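Subject: Structure handover and notes

Hello,

The notes go through it one region at a time.

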Amino acid sequence: MQLDQLRALLAVIDTGTFDAAARSLHVTPSAVSQRIKALERDTGRVLVERAIPCRATEAGQSLVRTARQMVLLEDEARAALGEGGATHVALPVAVNADSLATWFAPVLEVAAGWPDARLQLEVEDEEYSADHLRRGGVVGAVTADPTPVAGCRTEPLGAMRYLPVASPALAERFTRGRGHDWAAMPVLRFNSKDDLQAEVLRDLGVTTEPPTSQVPSSEGFVAAVRAGLGWAMVPEAQLGDDLDTGELVLLRSRERRDVPLYWQVWTLGTPRLTRLTEAVHDAARRLRPVRTR
């Protein structure tokens, strides 16, 4: 496997098209195509699904992570030998939207000062972010999965606390005695992978689905709760003083959820990955929406 072929594979998967990959590598689309074909011929497998955007096949996913590691190691070696290396090496990371909107922000500030790396974020639910590691798409992931992906190590970050909250008007409208009519009260979800609200309803014995709205934006999600579109499980770190001022009310304190978070990262030891890992841990310690146990 030639490094120029591996770089072509990464460029096609990361940019989504052969033309965009060619522009990023400063070569012609024909050169990119020839390198991919040569790699597929040598491995005896189709590695790229020619779609829009291009995607790695199952065999390609296995090679993408190896390719990403080899490219990173080559650049680290060249830098160590005084031969320069790439000006900026891409460090793709998977992170859930709630973390990105709260405690992860300082990582962006630190990364802005890196002269030799650029951060590329993939926003994914914490229950699924480790899948990006398995596919070779990222070098690290903020995840709820403590089981290390092959070739990775897992480090605990703490637990992100979620509280069931609603606007006062919505809560009052569905108050029944000392509780609420959970089966009828409108509810929000972030996306189809968001199961936090459904977990609470199951624990409360609700067997039917209440009227449900979807808002796939962390900031927009909280705004929708404040507007009364529905109740939801909201990160404590995003509530600010809403509970103190009465803009939002806590529906049921016993239904809070602490979602454990972990940092999964390649076991590959390089200065860039070490810097990235240190920045993630520093951010989790500094802002404290992540509660260590």
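L133 counts as buried, because its relative accessibility is 0% and the cut-off for buried is under 20%. Please keep in mind that this is a predicted model.

L133 belongs to helix α7, which covers residues 130–134. Leaving out residues up to four places away in sequence, L133 touches R65, V138, V139, G140, A141, V149, C152, Q264 and W266. For one of these, V149, there is also a C-alpha distance: V149 and L133 are 16 residues apart along the chain, and their C-alpha atoms are separated by 7.0 Å.

In strand β5 (residues 140–143), G140 is the bridge partner of V93. Strands β3 and β5 run parallel and are joined by two bridges. On β4 (residues 117–123), the count is seven bridges to β3, and this pair is parallel too. One partner pair there is V95 with V123 of β4.

How many of the residues of β3 are buried? For this strand, residues 89–95, the count is seven of seven. In a regular strand, side chains alternate between the two faces of the sheet. In β3, one side carries V89, L91, V93 and V95, the other carries A90, P92 and A94, and both faces are covered.

Helix α1 spans residues 3–15 and helix α2 residues 18–25; their axes come within 8 Å and cross at roughly 125°. On the α1 side the contact is made by R7, A8, A11, V12 and T15, and on the α2 side by F18, A20, A21, S24 and L25. Sorted by class, these residues are seven nonpolar, two polar and one charged.

Setting aside neighbours within four places in sequence, E74 is in contact with R7 and L3. E74 sits in helix α4, residues 58–80. Is E74 buried or exposed? Its relative accessibility is 17%, so E74 counts as buried, given the cut-off of under 20%.

Regards

Notes:
Residues are numbered from 1 along each chain as its sequence is written. This is a predicted model: local features need pLDDT of at least 70, side-chain atom pairs count only at pLDDT 80 or more; totals for chains, interfaces and linings use all residues. Side-chain values use heavy atoms; hydrogens and water are left out. Buried means under 20% relative accessible area, exposed over 50%, partly exposed in between (1.4 Å probe, protein chains only). Helices (H or I, at least four residues) and strands (E, at least two) are DSSP runs, numbered from the N terminus. Two strands pair if DSSP finds at least two bridges between them. Axes are lines fitted to C-alpha atoms, for helices over the stretch in contact, and angles run from 0 to 180 degrees between N-to-C directions. Contact means heavy atoms within 4.5 Å. Ala, Val, Leu, Ile, Met, Phe, Trp, Tyr, Cys and Pro count as nonpolar, Asp, Glu, Lys and Arg as charged, and the others, Gly among them, as polar.
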